[in-house]
Amino acid sequence: MAAAEAAAVVLSSCLKPVPAPVPESAGTAAATAATFSAMAAAAAVAAAARTGSEARVSKPALATKLLSLSGVFAVHKPKGPTSAELLNRLKEKLLAAGMPSPEWTKRKKQTLKIGHGGTLDSAARGVLVVGIGRGTKMLTSMLSGSKRYIAIGELGKATDTLDSTGKVTEEKPYDKITQEDIESILQKFTGNIMQVPPLYSALKKDGQRLSALMKRGEEVEAKPARPVTVYSLSLQKFQPPFFTLDVECGGGFYIRSLVSDIGKELSSCANVLELTRTKQGPFTLEEHALPEDKWTIDDIAQSLERCSSLFPAELALKKSKPEESNEQVLSCEYITLNETKGEDDVIKTL
């Protein structure tokens, strides 16, 4: 540190205005050049030492902070990646920022646990709840909790996936359907109802996802209707052939099935054009979901602190004690919970 300060003082003095040059001998000029060269070299060494010292201090500090993260927060999932792919991207960002350097003594291993509670389709966007550390144990409550969606449906077209990503399987007229027609049937889909899940879903047959079987061209029988809950359902906009719904529902509910069933009830057909999850449990898209540029250890730590007040006292996690040693190696346990209940709940460890 003393060397760095000395070099800084020398460089500072070199930057001060100097009097007009006085003719000097060749020997004096050579000596002056050597002095400047030595000062530059000293400054470079001091800078390198300072940078190396900061790196050695920051990595252990970040690793300790990463390992101490514990709780539940939310991220903003864009359209495109699956929930599992997005979680993997988050995991990689965190490990890249907090992974200890190779020089660390590998005396102790500690696992970084991270997972999500409630799958969003790849074509959907919105709130994805994430658990980290001991917060992964709270994710099961996210599966059965309420969720809110804004869905844009398209009348007149049915697809094999029940959304715009699938192949059109049927087309029917919709020109006589009015806003009043849609509003009059919504009550049939509110409250405790029975719903048949889509064939393209995370539900399983003989240990394999129905969606995977469908993509391979295998015949798949529809799962039987099961009880689900819709807390509220309203029509926000109708501009044929498109209609916008605001839906609040419980766990295990499929918006794609709802839109398809509404189309059938209107003697037509329909599929989901766009889907946004605006709320999951106490987490809202506007207030709590972190965009990808905020997926840093510090930002997540702040989010965990803010979000801890959203849960009942009996679910709140106690703050983790500081780690006794920084000499740890990070590995990652990746936990995914499908958005279904009972026998369909799955926990994966990679």
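**Entry 1: a salt bridge to start with**

I began with Glu 170, which forms a salt bridge with Lys 172; their closest N and O atoms are 3.6 Å apart. I note here that the model is a predicted one. Glu 170 has a relative accessible area of 36% and is partly exposed. Lys 172 is also partly exposed, with a value of 34%.

**Entry 2: the other salt bridges**

How many salt bridges does a search of the whole structure find? I got 7.

One of them joins the side chains of Lys 93 and Glu 292, at 3.9 Å from N to O. Lys 93 lies in helix H3 (residues 83-98), while Glu 292 is in the loop between strand S14 (289-290) and helix H8 (297-307), so this pair ties together parts that are 199 residues apart in sequence. I checked the accessibility of each: Lys 93 is partly exposed at 36%, and Glu 292 is partly exposed at 31%. I also found that Lys 93 and Glu 292 belong to a network of salt bridges that includes Arg 89.

Next I looked at Asp 246 and Arg 148, whose side chains meet in a salt bridge of 2.9 Å, N to O. Asp 246 is in strand S11 (residues 242-249) and Arg 148 in strand S4 (residues 147-155), so the pair ties together parts that are 98 residues apart in sequence.

Is Asp 246 buried or exposed? I found a relative accessible area of 10% for Asp 246, and it counts as buried because the cut-off is under 20%. Arg 148, on the other hand, is partly exposed at 32%.

**Entry 3: strand S3**

I turned to strand S3, residues 125-132. Of its 8 residues, 7 are buried, and I wrote the strand down as mostly covered.

Which strands does S3 pair with? I found strand S1 (residues 71-77), which pairs with S3 in the antiparallel sense over 7 bridges. I also found strand S12 (residues 270-280), which pairs with S3 in the parallel sense over 2 bridges.

I picked out a residue pair for each pairing. Phe 73 stands opposite Val 130 of S3. On the S12 side, Gly 126 has Arg 277 as its bridge partner.

Technical notes:
Residues numbered from 1 in each chain as written. Predicted model: local features only at pLDDT ≥ 70, side-chain atom pairs only at ≥ 80, totals over all residues. Heavy atoms only, no water. Buried < 20%, exposed > 50% of the residue type's maximum accessible area, 1.4 Å probe, protein only. Helix = DSSP H or I, 4+ residues; strand = E, 2+ residues; numbered from the N terminus. Pairing = 2+ DSSP bridges. Salt bridge = Lys/Arg side-chain N within 4 Å of Asp/Glu carboxyl O.
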